[in-house]
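The entries follow in the order in which I made them.

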Amino acid sequence: MSRGEQCSLPKDMPEGLDPEQRTEELMKAVNVGKSVVFSRLTGAKVITSNYAGTTVDFCQGHIRVGKGKFDIIDAPGTYSLQPTNKSEEVAVEMLKQADIVVIVLDSTNLERNLFLTHEILETGKPAIIALNMWDEAQHLGIDIDQDMLEGALGVPVVPTVALSGEGIKDLVDKFDDARTSELEPTIDEARWINVGTIIKNVQTVTHKHHTMRDRLEDVTIRPLTGIPIAIGIIFLAFWLVRFIGEGLITFVMDPLFELYRPAVMDLSNMLGGSGWLHDMLIGSLINGDVDFLESLGVLTTGLYVPFGMVLPYIVAFYLVLALMEDTGYLPRLSTLSDNIFHRLGMHGYGIVPLMLGMGCNVPGVLATRNLETQKQRFIAATLLAVSVPCMAQIAMIFGVLGSHGPFYIFLVFITLFFVYITIGLILNRIMKGESPEIFLEIPPYRRPVLRTTLKKTWMRVQGFLKEAVPWMIFGVFFINILYTLGFFDLLGQAFSPLMESWLGLPAVVAPVLIIGFLRKDLAVGMLLSLGTLMSPMQLVIAVTMLTMYFPCMATFIVLFKELGLKGLVQAIMVMFIMAATVGGLMRLILIGV
Amino acid sequence: MEKTLAIMKQGESGIITRMEGGEEFKRKLRTIGIREGKRVLLVTKQYFGGPVVLKVDGRDTSIGRGMARRIFVDV
Ligand SMILES: Nc1nc2c(ncn2[C@@H]2O[C@H](COP(=O)(O)OP(=O)(O)OP(=O)(O)O)[C@@H](O)[C@H]2O)c(=O)[nH]1
Ligand SMILES: [Mg+2]
């Protein structure tokens, strides 16, 4: 789900270059609403969340104003033009390319935001300022004299409420008035003094009372109350995902597939119930009927795994995640868990890649860009790839082991948890490089807007469908070809010593591990058809190995992009060593010699 | 009395007097709004040497304990 997940453009987007075309860039401190402004301006869909570092790459869109056409770029947020992490580097890089800059400010946090504004204006780029979150500022009793601010900075200033779209039209109308400010390049001290003076002149704050929101913020961040609340919220989140996921399966997907079954059976009869084409499309009939899990045909298992089993959990997970993101709870969780993550060589922000990674490892790996050092990024990305199953895998783990009881599922997760902790502790010890401490702005709690929450969930679900479904169907296709060619028997023979003596698994599992490279969930699905050959403990080992030993194709590619070849090779070494060790240990502990 | 943020108690507040450390460190703090002359409230400290949460200009920020030891406050 690489770029598609982060940003997607409307279909009717005008293409082609235009002589009038100019590049416009949105930029400003983190978490001020740039991405919301961007999607208001261009109609493009982008992921927005209530924490700093949501946008890690740039996203481009277009808008027509009069006869001119603007290319608009949404960049990650930054605190200053001297970047401290990879996504801030992207932001600074984008600024260089822009013809005009739209500086989006958080009106409730003007003073902090003005420093970067000052820096940008000094570069001499024509700019225009959006005073975003205007609604919240008014609510908090913060009044900003817009004309005076315009005078002080020398560029147009427009109040906006990106969430509702207020002021966006005014902003567009002012694009042509973007000007170069008169502010001269200067040193930090002078900037601060100037910012101080501007604030004193333009901003009046009416005293605000201690609100319910403040109390909630305090209670959830103080460890005494915050830690129990966090544990409660995490359990609630998991429970919700299961509840919604299972509900969707039982009441929506399974009935749909039952409606679909007669059609597949008709097709099966038409094809004569056997033969190459039948095997490819329908797969093998089990007791004379289609088994959506075990038949392994493109139109049976190839559709049922992604839609019937995984999709419901994906929807459920992203819905719950969106709630956590949009309320602003994640940075609090980062703070409360910082201690643990720091010992693993990261800091509290490590929880963001972890959470995103449970949906899909790809955006999880991308989110590591918000960590400051190479060491932290390597550890976070490697841990994800080795020990964090994505939602597709999790759904399949439930699918394979669910019938044997929750204890076996628990065994898989507790093993993965120990692997996560162990690799983190070891890598933190042996890797050179710094692990800086946490440094994280905590946004106020915001009430999630149903429409945005649903939109975001839908975007991510679409991302899953676009990326995963073709792989899944291709995977089933591929399996059938290899199967027909007798390749699997060969593989089974080649790997049987390793499988049997080291992992205590039957040789037929070897091909499954190979298929895992294409799609892990599909491989776990294949295990189901081998279920009768294996004891529950063997299944636990096989499922855990599948999760650990190699990332899926998409994750593999993003790891290469983010870590480089050397990093990728190192990550894979960690992976093999850990998978082999853990596999052997599990065999000893769970099955005996 | 001047003391570091790290030894302030939950709910205590004061004015930031100085920060110790490299220029980059100080700049990072300042750009996010934590700088000399600002009133700071210690919202809470996490257990076992975990991060310190402070409030400046109505906005909370989490910083590591090591950083907190290098920020001096007049309470
Ligand atoms: N009340 C209010 N909330 C807003 C407004 N604009 C954006 N938000 C909320 O502010 C949060 C941050 O919005 P984003 O667009 O993700 O911020 P960003 O600047 O792109 O953040 P990064 O990409 O992380 O730097 C989201 O929860 C938005 O829903 C606004 O005008 N009013
Ligand atoms: Mg953004």
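I looked up A:Arg261 and found it buried, at a relative accessible area of 17% (buried is under 20%, exposed over 50%, partly exposed in between, with a 1.4 Å probe and protein chains only). The side chain of A:Arg261 forms a salt bridge with that of A:Glu258, 2.9 Å from N to O (a salt bridge is a side-chain nitrogen of Lys or Arg within 4 Å of a carboxyl oxygen of Asp or Glu). A:Glu258 is partly exposed at 43%. I note that both residues lie in helix α10 (residues 223-270) of chain A, three residues apart, about one turn of the helix (helices are DSSP runs of H or I, at least four residues, and strands runs of E, at least two, numbered from the N terminus).

I record that this is a predicted model, in which local features need pLDDT of at least 70, side-chain atom pairs count only at pLDDT 80 or more, and totals for chains, interfaces and linings use all residues. Residues are numbered from 1 along each chain as its sequence is written, chains are lettered from A and ligands numbered from 1 in the order in which they are written, and side-chain values use heavy atoms, with hydrogens and water left out.

I then turned to A:Lys96 and A:Glu93, whose side chains meet in a salt bridge of 3.5 Å, N to O. They are three residues apart in helix α3 (residues 86-97) of chain A, so about one helical turn separates them. A:Lys96 is exposed at 57%, and A:Glu93 is partly exposed at 39%.

Next I examined the salt bridge between A:Asp57 and A:Arg369, at 3.7 Å from N to O. This pair links distant parts of the chain, 312 residues apart: A:Asp57 is in the loop between β3 (45-46) and β4 (59-65), and A:Arg369 in the loop between α15 (361-367) and α16 (374-387), all of chain A. A:Asp57 is buried at 19%, and A:Arg369 is buried at 11%.

I also noted a salt-bridge network that links A:Glu119, A:Glu122, A:Asp188, A:Arg191 and B:Arg27.

Finally I looked up the helix pair α22 (residues 520-530) and α23 (residues 536-549) of chain A, whose axes come within 10 Å and cross at roughly 165° (axes are lines fitted to C-alpha atoms, for helices over the stretch in contact, and angles run from 0 to 180 degrees between N-to-C directions). This makes α22(A) roughly antiparallel to α23(A) (angles over 145 degrees count as roughly antiparallel, under 35 as roughly parallel, 65 to 115 as roughly perpendicular and the rest as oblique).
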